[in-house]
Amino acid sequence: MYYYLSGILAHTEAHTAVIDCGGVGYLTTVSANTMSEISPSLGKTVKLYTHLAVREDAFELFGFATEREKSAFRMLIGVSGIGPKVAISILSALTPEQFAAAVCSSDAKTLARAKGLGQKGAERIILELREKLTKEYGATASTSAPVGIQISGQSSDALNALLVLGYTKQEAAEALNGLDASSMTLEALITAALKRLMK
């Protein structure tokens, strides 16, 4: 319904931000990462990508500083037992890049740092999202990379992480092509690829 809001950041509290768009104040729930990005702009124009959660008793608007974070949020709420509040908690504890790296390296311990999640919830996220990637994009990135692009080893995990963040296989593979995966951590590899994608 709403793709993004662009307006004056009128008010902030813990995990909430009010965006004034033409005299209407939209209350949005945001992660700690988004809050730290927008809070210096109090009284100025900001842009938040949004997701509207509809329940029987309420409509709740969630806001994200980047489309990557919104994509990660939507992946998370697609996991059984993970609601919007827990998804925001995860994205407050981890950046989208850290979240994607944890999923693709099966790092449940890192995911479980999020308040309200726990080890079992972290393992369920990894199981369901890795399974989804396998179903949608093939068993391994190395065997399904676009023609002319070599993806293997840690680059394969990085490619899957970029898919978690909403990029296409072609975009992810091109961004990773030529990066020296052997000398970088998975998170650094993802970050380097994202810089290329944002140019």
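Which side chain meets that of Glu60 in a salt bridge? In this predicted model, the partner is Lys85, with N and O 2.9 Å apart. Glu60 sits in strand S5, residues 59-64. Lys85 sits in helix H3, residues 84-93. Glu60 is buried, at 15% relative accessible area, whereas Lys85 is exposed, at 54%.

The pair also belongs to a network. Salt bridges link Arg55, Asp57, Glu60 and Lys85. Within this group, the side chains of Arg55 and Asp57 meet at 3.4 Å, N to O. Asp57 is exposed, with a relative accessible area of 63%. Arg55 is partly exposed, at 45%.

The structure holds four salt bridges. One of them joins Glu97 to Arg68, with the closest N and O atoms 3.1 Å apart. This pair links distant parts of the chain, 29 residues apart. Glu97 belongs to helix H4, residues 96-104. Arg68 belongs to helix H2, residues 67-77. Both Glu97 and Arg68 are buried.

Now turn to a pair of helices. Helix H9 spans residues 169-176, and helix H10 spans residues 186-197. They pack at an angle of about 110 degrees, and their axes are 8 Å apart. H9 is therefore roughly perpendicular to H10. On the H9 side, Glu171, Glu174, Ala175 and Leu176 make the contact. H10 contributes Leu189, Ala193, Arg196 and Leu197. By class, the contact has five nonpolar residues, three charged residues and no polar ones.

Conventions
Residues are numbered from 1 along each chain as its sequence is written. This is a predicted model: local features need pLDDT of at least 70, side-chain atom pairs count only at pLDDT 80 or more; totals for chains, interfaces and linings use all residues. Side-chain values use heavy atoms; hydrogens and water are left out. Axes are lines fitted to C-alpha atoms, for helices over the stretch in contact, and angles run from 0 to 180 degrees between N-to-C directions. Helices (H or I, at least four residues) and strands (E, at least two) are DSSP runs, numbered from the N terminus. Angles under 35 degrees count as roughly parallel, over 145 as roughly antiparallel, 65 to 115 as roughly perpendicular and the rest as oblique. Contact means heavy atoms within 4.5 Å. Ala, Val, Leu, Ile, Met, Phe, Trp, Tyr, Cys and Pro count as nonpolar, Asp, Glu, Lys and Arg as charged, and the others, Gly among them, as polar. Buried means under 20% relative accessible area, exposed over 50%, partly exposed in between (1.4 Å probe, protein chains only).
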